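The following note sets out numbered points on the fold, the helix packing and the chain contact. It is intended to be read beside the sequence and the coordinates.

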Amino acid sequence: MSTVIPFGPQHPVLPEPLHLKLTVKDEIVTEALPTIGYVHRGLEWLAQKKDFHQMVQVVERVCGICSCIHAATYCQGIEEMMDIEVPRRAEFLRVIWSEMHRIHSHMLWLGLMADSFGLESLFMQCWKVREQVMDVMEATAGNRVIISVNQVGGVRRDLSDAQLSWIKDVLNNLEKEFLALKSTFGDDYTVRKRTVGVGMLKKSSAYDLGAAGPVLRGSGIAQDMRMTGYGAYKHLDFEPVVEDGCDSWSRTMVRFREVLQSIDLVRQAISRLPEGELTARVKGKPEGEVIVRTEQPRGEVMYYIKASGNKFLDRCRIRTPTFANVPPLLEMLPGADLANVPVIALSIDPCISCTER
Amino acid sequence: MFKMTPNIVKNAVSKYATRLYPVEVREPFERVRGNLDIDIEKCIFCKKCSIKCPSGCITVDKDARKWEVDPYACVYCGICVDVCPTDCLFMHPEYRKPAPVKEPKTAVQPEK
């Protein structure tokens, strides 16, 4: 006999309200239906109320964890529309802060993942290591999470040489402490038992269902929007992180290795940071249509911006990565054990505030 | 679990990872935008901060020579500080203290 069990919107492992209606038969999930809509804030509508400069602060609040990348993407779109050439130093500084956001987002997620399979000590250890990045952001940008460094035409803050060398020292220490967790995530018996073979998403399904980010790369498809070379990424050397396991463990390891990749990218950006201006002059009002795609910690984000030459935008549509990752989640759940549902649901890194905006 | 055990033991016997706030308080970083304040003597009531503010938390009354901010609506982006022509706005690095009543922060310029 089938039973329907609600999972969420309030659940200990879920940081945000996602509701899954699970049909189970003898503890095995046979069907899953998602419901979202608990934290809709209407941020896109604000495009008609706030001018295009103020929208930078609005899109930053779409998601706390990847706020800097949201703002950078939006600014990139407006700059493309208005033909503004961003100073190179500003592009590099955007990369430094964006990668810092990726590091703290992935570390937060790794902690939550550890919590979802019941290893509380690992959860706290991850967050303890993460605090160092939060300190860097607070000291360099002025806030811990929503750092407000981007503006149309460049960045609002600069990094001094002393700060850059301090960031490098912090990252060295962080890398050392973070690598100490590698054997736990990668080889530990309990962790492998809870993640290997759980939440399988075949390569072909990941491609067909339009998965994004680490979910896609965990299924063996090397797609990373940063490879398109937007901003300063064209001046940096890196390869997308790919794992072939197609399960929750692979997705964990993709994110684990991406933290190390981001640390490397910050180091590269610091060593190649050019001198120069921070902002370009912004004249006139935006007009036209533009689509921008960038890589967020959770995957590809897409902005569609339309303007008709006045200070308010006509439309600012945001497609966030979690929205793309919900169909793959529904593919992973049927056939899974009910006890594994928290691990599987978390393995896509659900960010529901992002999805609902 | 087994790989984590040495770490758990180490954490159990080493000192706290957190500070015993409020007994022990860390010095804030220099650039932190903790609290918005105004040097009202220098204000020319141009309303630029109020116009540029993304959350609309600042009200400027030129006739009453009054400047007011709602600290609970402020998003601490610091744009008002950047655009102020007389540099009379500034951010304190200390965060705002919790308060029992939500009150706006008001500054009135004395008659010259």
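1. Two residues are taken to be in contact if their C-beta atoms, placed from the backbone, lie within 7 Å. The model is predicted: local features need pLDDT of at least 70, side-chain atom pairs count only at pLDDT 80 or more, and totals for chains, interfaces and linings use all residues. Residues are numbered from 1 along each chain as its sequence is written, while chains are lettered from A and ligands numbered from 1 in the order in which they are written.

2. Chain A contains 13 helices and 8 strands; these are DSSP runs numbered from the N terminus, helices being H or I of at least four residues and strands E of at least two. The radius of gyration of chain A is 20 Å, close to the 21 Å that the globule rule gives for 357 residues, so chain A is as compact as a globular protein of that length. The radius is taken over C-alpha atoms, and the rule is 2.2 Å times the number of residues to the power 0.38.

3. Of the 357 residues in chain A, 54% are buried (20 or more other C-beta atoms within 10 Å of the residue's own, with C-beta atoms placed from the backbone). Among contacts in chain A between residues at least 6 apart in sequence, 70% join residues at least 24 apart.

4. In chain A, helix 5 (residues 161–179) packs on helix 10 (residues 248–271) at about 160 degrees, with the axes 11 Å apart. Axes are lines fitted to C-alpha atoms over the stretch in contact, and angles run from 0 to 180 degrees between N-to-C directions. Helices 5 and 10 of chain A are therefore roughly antiparallel (an angle over 145 degrees). Residues meeting here include A:Leu164, A:Ile167 and A:Phe178 from helix 5 and A:Val259, A:Ile263 and A:Arg267 from helix 10. By class, this contact has 9 nonpolar, no polar and 3 charged residues (nonpolar: Ala, Val, Leu, Ile, Met, Phe, Trp, Tyr, Cys and Pro; charged: Asp, Glu, Lys and Arg; polar: the others, Gly among them).

5. The axes of helix 3 (residues 88–116) and helix 4 (residues 120–141) of chain A come within 8 Å and cross at roughly 160 degrees. Helices 3 and 4 of chain A are therefore also roughly antiparallel to each other. Their contact has 17 nonpolar, 2 polar and 3 charged residues.

6. The contact between the chains takes 22 residues from chain A and 17 from chain B. On the chain B side, the residues divide into 11 nonpolar, 2 polar and 4 charged.

Technical notes
A residue is buried if 20 or more other C-beta atoms lie within 10 Å of its own, exposed if 12 or fewer, and partly exposed in between; C-beta atoms are placed from the backbone. Angles under 35 degrees count as roughly parallel, over 145 as roughly antiparallel, 65 to 115 as roughly perpendicular and the rest as oblique.
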